[in-house]
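Biologist: I have not seen this one before. Pick a residue to begin with and tell me about it.

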Amino acid sequence: MEHSQDKQLTLAACLSDLQLWVAARDPLSVELQAQLLATPRLSLDHFHQQAPGADPIWLVGLWLARGIGDNLRCDLELAERLQRVQRILIELIAEDAAFSHVSEKRWFIAWDTFFFHLHSWYPGLGSAANKFLAQCDHTLQMLSGQDPAVCLQAIEDFNQQADRDLERAGRVAARIRDTELGQLKVQKAKRQVDETLNQWLAGSRLPDSVFTYIRHTMGPALQFYLINDRHQEWELWCDLLQSLCKMFEPNKSAEEQVQLHRQAPALGARLQSTKPPETCELQTYHHFMSDVLDGVDQLLAGALPDADIAPPMARENPAARLRSHRRDQEQHRLNCGDWLRFTNANEGDVRCQYLLQSPVSDELIFVNRLGHKVVQMSVGSFLEALDRRDAEPMANIKVFSTAMNKAVARLEYCHAEAKVKWQQQEKIKQQREAQLARERAERERAKAARQQANKAAREQALAEEKARLHRLKVEREQAELEARQALQAQREQAAAARIETLVTGMSADITDSDNHTERCTLAMIIPSTGKYIFFDQYQRKVNEWRREELMQQIMAGNIDFYDAEPGFDSRLEQIVFGQKRTQA
């Protein structure tokens, strides 16, 4: 909905015209509101049949409430509270015939956020669930019978508290994500250190104590440097240990012996001056340094340390990731922050967000609105749950904005249709009055003629009068036929104009012969064949019509088009990746 003064004035004018044409300004009772909300199809004609004399502004409120109920799939425990919210919004709309409040951007943001929090709540949140319900009940109590400004402030206060809870949940989820990624980092660091040490140690003739210390003590120290991104210390010790292992390589040539006598004292001095890693005990490190210096002295004296040539270390095969399901290799098509509802016969529904796919186990991890991990399963198990409808994606839309946009679009459409009817009725009324005036004048002339004529003349006049009345009847029927044809042409023109505005990606509510409404997306427009193809939210084709068939569906009221607002931003995704950028 456009948040502009021109749009506000246009809507107010449409409503004023409808009030004038239907001559209705009465309020609508709560009982009748509930009855109309339960009606499968709520049109302007049906509204005035069920509630004659009721102001059309109530119909706009009912459309808004119906749209919210259709777009919001909240937990059943919130059903009664949602009904209270719908009644409150109907009252607020009815009191704002000028659309001065509901056209404000702040109003849209507040209600969209409020319904998002209702959308993600479920009873399994424990004490936080009870706290949420208490805050919700307090807010609804504040909304009852209050000024729109007071209602808006109450909704924003509720959202502020709920947003703080989501921020805390985001921090908790970020720690889960960092833990999963940290495990992968540890595995990579161990593999890199093992490969590096194997490259250095294999073929060297280090003293046994030095070999053991490097393998079992310096190895974990190097892993520590990699895990904590301490690249400077990693490179320093890699250079020292590589030089040390190369020094103890057997079968040196004469040139290599010269280099050994030149480099050995400098290497020993570097080792003694270098600060030992934090993970090494000082006492064992000093023993290691003594053994290294003793071995260097033996090499300089021309003796070989009492040690065997180190063979290559056996490489550990990376643990094969367990594939527990035949469909684990398929794509899950989830993005971080996607909301889903998992159904469990014993524990009830669980509403959660997809966090990440574990880099260690390949399992999908889902967290609730508290940031707690509530579901962890393999890709194959998740895809099977989708097929069984045990897991269902939750619509990521702005509930209030979408419902209000649809209600406004229906108001404008009803105004255009009612205007055509009213103009045709006025034209027919004027034609009928003129026809009646001509008939009265003719009857008066005929009466005068009959009084002056003889019997034959009267009989002839009577025959002429019958013929004239027949012509008048034919003319009247022809005029009525032309009026109906003009009305039909207007409706066809309106439907054709609507089709011209259609683009792929637009949302539509399609109602079948059983009055079942399904939300679909206009997926394709094929100009060559004039076909319009609609898919549901699972990308399955629901219907396809040619242009003429689509016009008939629009004129029959079986399909409503509207432009849905973009998806609600995932706060969890923003927080997780926001913290990641801060840490980086």
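**Salt bridges, a helix and a helix pair**

Modeller: Arg388 is exposed, with a relative accessible area of 51%. Here exposed means over 50% relative accessible area, buried means under 20%, and partly exposed is in between, using a 1.4 Å probe and protein chains only. This is a predicted model, where local features need pLDDT of at least 70 and side-chain atom pairs count only at pLDDT 80 or more, while totals for chains, interfaces and linings use all residues. Residues are numbered from 1 along each chain as its sequence is written, and side-chain values use heavy atoms, with hydrogens and water left out.

Biologist: Which residue forms a salt bridge with Arg388?

Modeller: Asp390 does, with the closest N and O atoms 2.8 Å apart. A salt bridge is a side-chain nitrogen of Lys or Arg within 4 Å of a carboxyl oxygen of Asp or Glu. Asp390 is partly exposed, at 26% relative accessibility.

Biologist: How many salt bridges are in the whole structure?

Modeller: The search finds 27. One of them joins the side chains of Glu500 and Arg547, at 2.6 Å from N to O. Glu500 lies in helix α15 and Arg547 in helix α16 (residues 547-555), so this pair ties together parts that are 47 residues apart in sequence. Glu500 counts as exposed at 57% relative accessibility, and Arg547 as partly exposed at 26%. Elsewhere, salt bridges that share partners join Arg327, Glu330, Glu384 and Asp387 into one network.

Biologist: And Arg468, buried or exposed?

Modeller: Arg468 is buried, with a relative accessible area of 9%. Its side chain meets that of Glu465 in a salt bridge, 2.2 Å from N to O, and Glu465 is buried too.

Biologist: How many residues apart are Arg468 and Glu465?

Modeller: They are three residues apart in helix α15 (residues 455-500), which puts about one helical turn between them. An α-helix has 3.6 residues a turn, so residues three or four places apart point the same way. Leaving aside neighbours within four places in sequence, Arg468 is in contact (heavy atoms within 4.5 Å) with Glu442 and Arg443.

Biologist: Change of topic. Which residues of helix α13 are buried?

Modeller: In α13 (residues 379-388), the buried ones are Val379, Gly380, Phe382, Leu383, Glu384 and Ala385. The buried residues of α13 pack against β1 (339-344), β2 (348-357), β3 (364-367), β4 (373-377) and β5 (391-393). Just after α13, Arg389 takes a positive phi of about 65°.

Biologist: How many helices and strands does the chain have?

Modeller: It has 17 helices and 10 strands. They are DSSP runs numbered from the N terminus, helices being H or I of at least four residues and strands E of at least two. Of the 584 residues in the chain, 41% are buried.

Biologist: At what angle do α5 and α6 cross?

Modeller: Roughly 165°, and the axes of α5 (residues 79-94) and α6 (residues 105-120) come within 13 Å. That makes α5 roughly antiparallel to α6, a label for angles over 145 degrees, on a scale from 0 to 180 degrees between N-to-C directions.

Biologist: Which residues make the contact?

Modeller: On α5 they are Leu82, Val85, Leu89 and Leu92, and on α6 they are Trp107, Trp111, Phe114 and Phe115.

Conventions
Parallel < 35°, antiparallel > 145°, perpendicular 65-115°, else oblique.
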